[in-house]
Amino acid sequence: TIPATPFILADKEVAFVGEIVVMVVAATRYVAEDAASLVEIDYEPLPVVADVLGAITPGGPTVRSELSTNVLATYRVEYGDTDAAFAGDALVLSDVITLHRGGGHPMEGRGIVVEPRSSDGSLNVWASTQMPNDLQQAVIAATGANDDRVRVISPDIGGGFGPKYCVYPEEIAVAGAAKLLDCPLKWIE
């Protein structure tokens with residue numbers, strides 16, 4: 001595997017449409033929308049590749065400039081001597097199978113509420129996640145909070161079917177901002 005930095009907010013470049021660049025914290029949605037409308041970003045296009053086969057072509061554009069390849073890991077899965085097993089066959093077929101670019105779309109949107117408690121340094125986190133333990137560890141790592149002071153509650157999250165089975169940058173950004181500002185924060189997709 002090669003190292004690839006997962007940014008909470010994009011650093012020097014964005015790698016995909018929708019990558020988080022700025023976080024606005026406000027008392028009301030209206031103030032947040034007004035503040036967000038003041039954000040101006042000047043993008044300079046970088047070389048792109050939009051299909052998976054093109055993305056793994058040696059020398060092609062990489063998803064982030066610090067990478068030398070888009071192949072982060074390779075796995076070979078076999079059992080026994082597969083070369084010998086196929087060597088004597090009268091007919092061997094091979095094909096390249098590609099899948100469309102899919103995306104996780106839960107039936108209900110994601111959300112998070114973080115309540116910092118300055119009295120004891122704890123963080124209470126309510127999140128629509130299928131991975132409360134992983135989210136807890138990610139919040140601890142990102143905020144430097146004591147591991148016994150971060151509580152993640154995953155209430156009835158509705159239909160997830162997998163897309164709520166990972167930690168998202170929004171969750172870490174909200175937890176970090178709530179701790180930094182020492183006030184409860186909410187983000188709803």
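Here is a short briefing on the fold, the helix packing and a few individual residues of this chain. The model is predicted, so local features need pLDDT of at least 70 and side-chain atom pairs count only at pLDDT 80 or more, while totals for chains, interfaces and linings use all residues. Residues are numbered from 1 along each chain as its sequence is written, and side-chain values use heavy atoms, with hydrogens and water left out.

**Overall shape and fold**

- The chain has five helices and four strands; helices (H or I, at least four residues) and strands (E, at least two) are DSSP runs, numbered from the N terminus.
- Along the sequence, these elements follow the pattern α-α-α-β-β-α-β-α-β.
- The radius of gyration of the chain is 22 Å, whereas a compact globule of 189 residues would have a value near 16 Å. This radius is taken over C-alpha atoms, and the globule rule is 2.2 Å times the number of residues to the power 0.38.
- The C-alpha trace spans about 75 × 40 × 30 Å along its principal axes.
- Of the 189 residues, 23% count as buried; buried means under 20% relative accessible area, exposed over 50%, and partly exposed in between, with a 1.4 Å probe and protein chains only.
- Among contacts in the chain with a separation of 6 or more, 63% come from residues 24 or more positions apart. Contact here means heavy atoms within 4.5 Å.

**How α4 and α5 pack**

- Two packed helices are described by the angle between their axes and the distance between the axes.
- Helix α4 (residues 132-143) packs with helix α5 (residues 169-181) at an angle of about 50°, and their axes are 10 Å apart. The axes are lines fitted to C-alpha atoms, for helices over the stretch in contact, and angles run from 0 to 180 degrees between N-to-C directions.
- The helices α4 and α5 are therefore oblique to each other: angles under 35 degrees count as roughly parallel, over 145 as roughly antiparallel, 65 to 115 as roughly perpendicular, and the rest as oblique.
- The crossing of α4 and α5 is right-handed, the term for a near helix turned clockwise from the far one by less than a right angle (left-handed if anticlockwise).
- From α4, the residues Leu 135, Ala 138, Val 139, Ala 142 and Thr 143 meet Glu 171, Ile 172, Ala 175, Gly 176 and Lys 179 of α5.
- By class, this contact of α4 with α5 has six nonpolar, two polar and two charged residues. Ala, Val, Leu, Ile, Met, Phe, Trp, Tyr, Cys and Pro count as nonpolar, Asp, Glu, Lys and Arg as charged, and the others, Gly among them, as polar.

- Lys 179 lies in helix α5 and is partly exposed, with a relative accessible area of 34%.
- Beyond its neighbours within four places in sequence, Lys 179 is in contact with Pro 116, Leu 123, Thr 143, Gly 144 and Ala 145.
- Lys 179 and Val 114 are 65 residues apart in sequence, and their C-alpha atoms are 8.4 Å apart in space.
- Asp 182 is found in the loop between α5 and β4 (185-188), where it counts as partly exposed at 41% relative accessibility.
- The phi angle of Asp 182 is near 55°, a positive value in a residue other than glycine.

**Other loop residues**

- Arg 101 sits in the loop between α3 (82-87) and β1 (111-117) and is exposed, with a relative accessible area of 69%.
- The C-alpha atoms of Arg 101 and Val 52 are separated by 8.3 Å, with the two residues 49 apart along the chain.
- Ser 65 belongs to the loop between α2 (52-55) and α3 and counts as exposed at 58% relative accessibility.
- Glu 66 is also placed in the loop between α2 and α3, and counts as partly exposed at 42% relative accessibility.
- Glu 66 and Ala 4 are 62 residues apart along the chain, with their C-alpha atoms separated by 7.9 Å.
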